[in-house]
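Dear colleague,

Please find below the structure that I am handing over to you. My findings follow directly after it.

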Amino acid sequence: MEQPPPFRRPPVRSVKYGPGAVIYFLALLAGFFQASPAPAAGQAGVPRLVYPIYTGLSPTAALARGINFWANAEKFKALKAFHDATEVCPRDPIAWHNLGVALMYFSRTASALDAFRHEWFLWPSAPTAYFGMGDCLMALGRYLEAENSFIMGVVTCPVEWRYWEALARAFENNGKKES
């Protein structure tokens, strides 16, 4: 009678980490985490990444730096970091959106409009792009174009009340008042 072959343990493989673990590790090394505000009594602060990772887009170091500067009220440094982020990763719509928001903060509406148009080109279904373009167009006095932009923002995200308020402002500036 033949004996079965002896049991062999499968070879041990090196552990491979996914891209999320690598980004987390690099962000941890670079110091892009901050403690949560005011932890409850007896609980330690939980680190959280300042970058909105729910989009599935990979953050660049310049973008994470810019968000960190913006959160710490260092607006000029944040603007520079967002410019760097768009140069490093020109196909990242979040970098263009953050640049547009920073430019709007500094009242550079024409440049902000270009940044929001870049975001719209890279991510056509993003309601934030329509909302940003609409705000820039309102500031430039181009109310009809702003109205169209806000309408597209409401179509892409009908549950956001800020888009409805912005659309109402555009209607009022166009002379379309409710009766």
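In this predicted model, helix α5 comprises 14 residues. From its first C-alpha to its last, α5 reaches 20 Å, close to the 20 Å expected at 1.5 Å a residue. The buried residues of α5 are T109, A112, L113, A115, F116 and E119. These residues lie on the same side of α5, because the arc they cover around the axis is only 165°. Their cover includes α4 and α6.

In soluble globular proteins, nonpolar side chains tend to be buried together.

I would also draw your attention to R142, which is located in the loop between α6 and α7. Its relative accessibility is 32%, and R142 therefore counts as partly exposed. Leaving aside residues up to four places away in sequence, R142 touches L113, R117 and L137; of these, L113 is one of the buried residues of α5. The side chains of R142 and E145 are joined by a polar contact of 2.9 Å. Finally, R142 and N174 are separated by 32 residues in sequence, and their C-alpha atoms are 9.4 Å apart in space.

With kind regards

Definitions and conventions: Residues are numbered from 1 along each chain as its sequence is written. This is a predicted model: local features need pLDDT of at least 70, side-chain atom pairs count only at pLDDT 80 or more; totals for chains, interfaces and linings use all residues. Side-chain values use heavy atoms; hydrogens and water are left out. Helices (H or I, at least four residues) and strands (E, at least two) are DSSP runs, numbered from the N terminus. The expected span of a helix is 1.5 Å times one less than its number of residues. Buried means under 20% relative accessible area, exposed over 50%, partly exposed in between (1.4 Å probe, protein chains only). The arc is that of the directions from the helix axis to the C-beta atoms. Contact means heavy atoms within 4.5 Å. A polar contact is a pair of N or O atoms within 3.5 Å; within protein, one must be able to donate a hydrogen and the other to accept it, and residues adjacent in sequence count only if both atoms are side-chain atoms.
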